[in-house]
Amino acid sequence: MKKRAETLKAKLLTLFKNLSLRWKIFFIVLLNVVSLLLFSLIGFTILSKTYNELLYRSIAGNLSFSANTISANLKDVERLSSIILSTPSIQTSLSAIHESDDAVVRSNANRSINTALSSYYETFRQNGVSYIVLYNDAFSNTTNWAAYERTDSAFIHNALENAAAGDGAVSWTTGGGSTSGLFLGRNIRKIEALDFSTIGRLLIYVDTDRLINTINRSFQTFDTGYYILADGPDTIYSSAGLSKDLVTQTLQLEDDTYQTLRVDNHTYFAVSSKIPYYDWRYISLIPFDSIIHSIGRSAKIILGIMVLGILIALALTQWLIYSILRHFNALIVKMDGFSKNELTLEQSAYDYSVRNDEIGRLHQRFDRMATRIRTLVDTNYKNELLRKEAQIKALESQINPHFLYNTLESINWRAKASKNAEISMMAESLGTLLRSTLSNHESLVELDYELELVRAYITIQKIRFEDRLDFVSLVADDLHHILMPPLTIQPLIENAIRYGMEEMTETCHVELLVRHEDDKVLIRVKNNGSVFEEDLLEKLRSREKQPNGFGIGLMNIDQRIRLLFGDACGLELKNEDDCATADIHIPFQVKENQSYAETDHCRR
């Protein structure tokens, strides 16, 4: 099996290698597009899941606050029952009814009880209390007879039985889903003389529908929401409009989780929580149809846009591949024709001489190569070399420094006559540079001599780069006549401008600093926009890095300083504050009466 897989892999690789460049590029682009599509679908799935998580956290937070508020309200109702039980006027009135058959006594007791109950009812009404009913041996008192009469008699009877069984403790009775209410029931015992005989029974009816809707109305996130309150598998309360099947399925949801339910062709987002202290389940149902529809529609739109984008991308890819490869095909045709038609170069209908990209350069170089080959074939190679050598020698014998100086002076004179200051400055600066490089044969020169070269070079570069080049020279006043090897600072300035300008498009800041440092002189060239390679000089000395171009110049400067002043002096390359820094350390040495006066602190 493994061998067959390797064979198949080898065949596929061979097939891909033998495909034309056009189809290779096309399949690479197709692979990238398909990968992008897959990652986008994965991202959309993660986004949908994240949305559900955020929705759950939002609803769960609201549901937890609602559950705590419901629990607090029910605790307040329990506190109300304790207040009623211990109220002196109610205790006195119930005892009077229990111990006396006098109609006047019972009538006065009845009024006293009604007054107390009405007062408590008004105070605790906002806690969801619908009415309070108090039973005694002769009659019953209630704060709302109409609501009391509408209550199922079996529900009331069940609540009275639970109150009697509680023997004075708080008992909660639910309607089993047949009514949206709760009964708190308690036996009232006689407190006087610690008698503790039963003198009445108290029922407080809590309208759960009003309580839950009032609490959730103030911070409900969605326009429509349904709620279920259950004690285990038994429903205490369910919002109007919920079917039994939906309630049954919802009660199967685990605590502190969320789930998307699909019932009766409708989708709901269900979140489960608990009522503190009572261990009742409290579930919120949010209609999810509109959200699911919006998500589905968005998914279809996104998928459609992605498919359309893929088709457009593939079409553009084919067009771009054709527009690029046709030029390579033209080059192949040109090469075949050149090799078969006795070095005859066919003219292309397309002008590649105006193109600066890789295709244009390939055609241009092939054309130049073909032209040179034909020239070499048509011309006697040896005679041509001899003629070239003679011409070079003739030119070398004619060109000397005086000829160059005179030519630059002519250019300068013509520039001044034409009032072209920039060309005049460039000619003068270039003349200064040529004079210094061609005419000076001293091993040591004064710093002022080097600074003159730097000024001439900077003049040319400032005309070239204008505001993109910022040069600052900071030289101590007493160091202008110190001695140093010629052509030491200008190459470092040239390197700073070259690499600093090459690496960025902003202003290149180049700083030349010459100052005392302990018993030596420090010459520092610093620029932004580039950095030195780590341990560059050490790599050049050890041949780990082959010197070429500027590397040769660095080695030359370092070796000349060390030969003249000792190994303690020389060139040091480092990077500070994202700037390339070249430091030269030389002794303080000046020329006095044609002899050198020095403080040599470099030799060891």
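Is Glu533 buried, exposed or partly exposed? Glu533 counts as partly exposed, at 37% relative accessibility. This is a predicted model. The structure holds 12 salt bridges. Its largest nonpolar core has 47 residues.

**Salt bridges**
- Glu533 pairs with Lys539 in a salt bridge, and their closest N and O atoms are 3.1 Å apart.
- Lys574 and Glu576 form another salt bridge, 3.2 Å from N to O.
- Both partners are partly exposed: Lys574 has a relative accessible area of 23%, and Glu576 has 26%.
- Shared partners link Arg524, Lys574, Glu576 and Asp583 into one salt-bridge network.
- Glu78 meets Lys75 in a salt bridge of 3.8 Å, N to O.
- Glu78 and Lys75 are separated by about one helical turn, because they lie three residues apart in helix 2.
- Glu78 is buried, at 16% relative accessible area, whereas Lys75 is partly exposed, at 35%.

**Arg186**
- Arg186 sits in strand 4, which spans residues 181–189.
- Arg186 is buried but has no salt bridge.
- The side chain of Arg186 makes a polar contact of 2.9 Å with that of Ser82.
- Beyond its sequence neighbours up to four places away, Arg186 touches residues including Leu85, Val170 and Leu202.

**Nonpolar cores**
- Within the largest core, the residues with the most contacts are Leu74, Ile84, Ile132, Trp172, Trp280 and Tyr282.
- Helix 2 (residues 21–86) gives the most to this core, with 10 residues.
- Ile132 is in contact with Leu80, Ile84 and Leu202, among others.
- A second, separate core has 44 residues, including Leu447, Ala496, Cys569 and Ile586.

How values were computed: Residues numbered from 1 in each chain as written. Predicted model: local features only at pLDDT ≥ 70, side-chain atom pairs only at ≥ 80, totals over all residues. Heavy atoms only, no water. Helix = DSSP H or I, 4+ residues; strand = E, 2+ residues; numbered from the N terminus. Buried < 20%, exposed > 50% of the residue type's maximum accessible area, 1.4 Å probe, protein only. Lys, Arg positive; Asp, Glu negative; His and termini not counted. Salt bridge = Lys/Arg side-chain N within 4 Å of Asp/Glu carboxyl O. Polar contact = N/O pair within 3.5 Å; in protein donor to acceptor, adjacent residues only side chain to side chain. Contact = heavy atoms within 4.5 Å. Core = buried A, V, L, I, M, F, W, Y, C linked by side-chain atoms within 4.5 Å.
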